[in-house]
Amino acid sequence: MKPYLAAAIQLTSVPDLQKNLAQAEELIELAVRQGAELVGLPENFSYMGEEKDKLAQGDAIALESEKFLKKMAQRFQITILGGSFPVPVDNTGKVYNTTLLIDPNGQELARYYKVHLFDVDVPDGNTYRESSTVVAGTQLPPVHFSEKLGNLGLSICYDVRFPELYRHLADKGADIIFIPAAFTAFTGKDHWQVLLQARAIENTAYVIAPAQTGNNYGRRLTHGHAVIIDPWGVILADAGEKPGIAIAEIKPTRLEQVRRQMPSLQHRVF
Ligand SMILES: O=C(O)CNC(=O)[C@H](CS)NC(=O)CCC(=O)C(=O)O
C-alpha cells in the first residue's frame with residue numbers, strides 16, 4: 001500500500017436517474033482532477049424518490065447504475081464504490097439495497113446487500129419503512145484485499161449504528177471502511193459524526209463516508225457532511241452541506257502509527 005488520495009462524493013440525488021448520473025459524473029471528474037484514485041458515491045446515488053417510483057423503475061436504475069460505475073472506473077482509471085442503488089430481487093417485487101466496488105478495468109471487486117433496514121419513526125414526524133420495498137441481505141459485508149489501496153470494507157448507512165458489523169470488518173483486516181449514506185437531517189445533526197468517528201476510532205481504520213445532502217424529494221431532507229476520517233478519529237475532510245467532495249490522503253504510515261500508539265484491536269477480550 002502506498003499513500004493516495006480518496007474522495008467521498010456528496011450529492012442531492014432526486015427522482016431523476018439521468019440527472020443524478022450527470023451530477024455524479026461532474027463530481028467524480030472534479031475528484032479525479034484533484035488526484036483521487038479511490039472514489040465513493042453515497043447511498044442511493046442514482047435515485048432518491050418515493051419508494052413506489054423507485055420500485056417501478058427498479059430494473060432501469062439497477063442496469064444504468066452498474067453500467068455507469070464501470071464506465072466511470074474505466075474512463076478515469078479509478079476504483080469506485082457505488083454507495084448504493086436498488087437491485088430487484090426475483091419474485092419479491094422488492095430490491096436489495098446494494099453497494100458495488102469496481103476496479104479501474106471495470107471489473108466487480110465486491111458487492112454487499114444492506115443487512116440493517118431503516119424501519120424507524122423519526123421524532124420529526126417522518127416515518128421510514130425501508131423493509132416495505134427492500135429485502136434485507138443475510139451475509140456480513142466483504143473486505144476486498146488490495147495491495148495498492150489497502151483492505152477495503154463495505155457497509156451502508158444505517159449499518160453504522162451496529163458496531164458488531166464493523167468489528168467483523170476489522171477482524172477481516174479492513175484498513176479503510178466505506179459508510180455511504182443518506183442520513184436524515186434530523187438524526188444526522190446529533191448522530192452522524194459521532195457514530196462515524198466511533199467506528200474509525202474503535203477499529204483504528206480510515207472511514208470514507210459519502211453522503212446525500214439537502215432536499216431530495218417531498219419532505220426528505222438529508223444531512224450532508226460527507227467526510228473522510230483517519231484511524232485516530234480526526235476528520236480530514238468534510239464536504240459541508242452543498243453537493244461537492246471531501247478529499248483526503250490515505251496513508252499507510254498513519255495507519256501503522258495509530259495502531260502502534262493505540263493497540264486496542266490487540267487487547268480484545270471478547
Ligand atoms: O429514503 C430514501 O429515499 C432512500 N433510503 C435511504 O435513504 C436509507 C433507507 S430509508 N436511509 C437510511 O438508512 C437512513 C439512516 C439514518 O438516517 C439513521 O440511521 O439515522
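**Ligand site and a buried serine**

In this predicted model, an oxygen atom of the ligand sits 2.7 Å from an N or O atom in the side chain of R161, a polar contact in the sense used here (a pair of N or O atoms within 3.5 Å; within protein, one must be able to donate a hydrogen and the other to accept it, and residues adjacent in sequence count only if both atoms are side-chain atoms). Taken alone, the ligand exposes 490 Å², and the protein buries 98% of that (Shrake-Rupley areas, 1.4 Å probe). For T187, the distance from a side-chain N or O atom to a ligand oxygen is 2.7 Å, and for R220 it is 2.6 Å.

Residues are numbered from 1 along each chain as its sequence is written, and side-chain values use heavy atoms, with hydrogens and water left out. As the model is a prediction, local features need pLDDT of at least 70 and side-chain atom pairs count only at pLDDT 80 or more, while totals for chains, interfaces and linings use all residues.

Zooming out, 16 residues surround the ligand, with N44, K114, R161, T187 and R220 the closest (a heavy atom within 4 Å). By class, that shell has seven nonpolar, four polar and five charged residues.

S65 counts as buried because its relative accessibility is 0%, the cut-off being under 20% with a 1.4 Å probe and protein chains only. A polar atom of the S65 side chain lies 2.5 Å from the backbone oxygen of I61.

Key: Nonpolar A, V, L, I, M, F, W, Y, C, P; charged D, E, K, R; others polar. Buried < 20%, exposed > 50% of the residue type's maximum accessible area, 1.4 Å probe, protein only.
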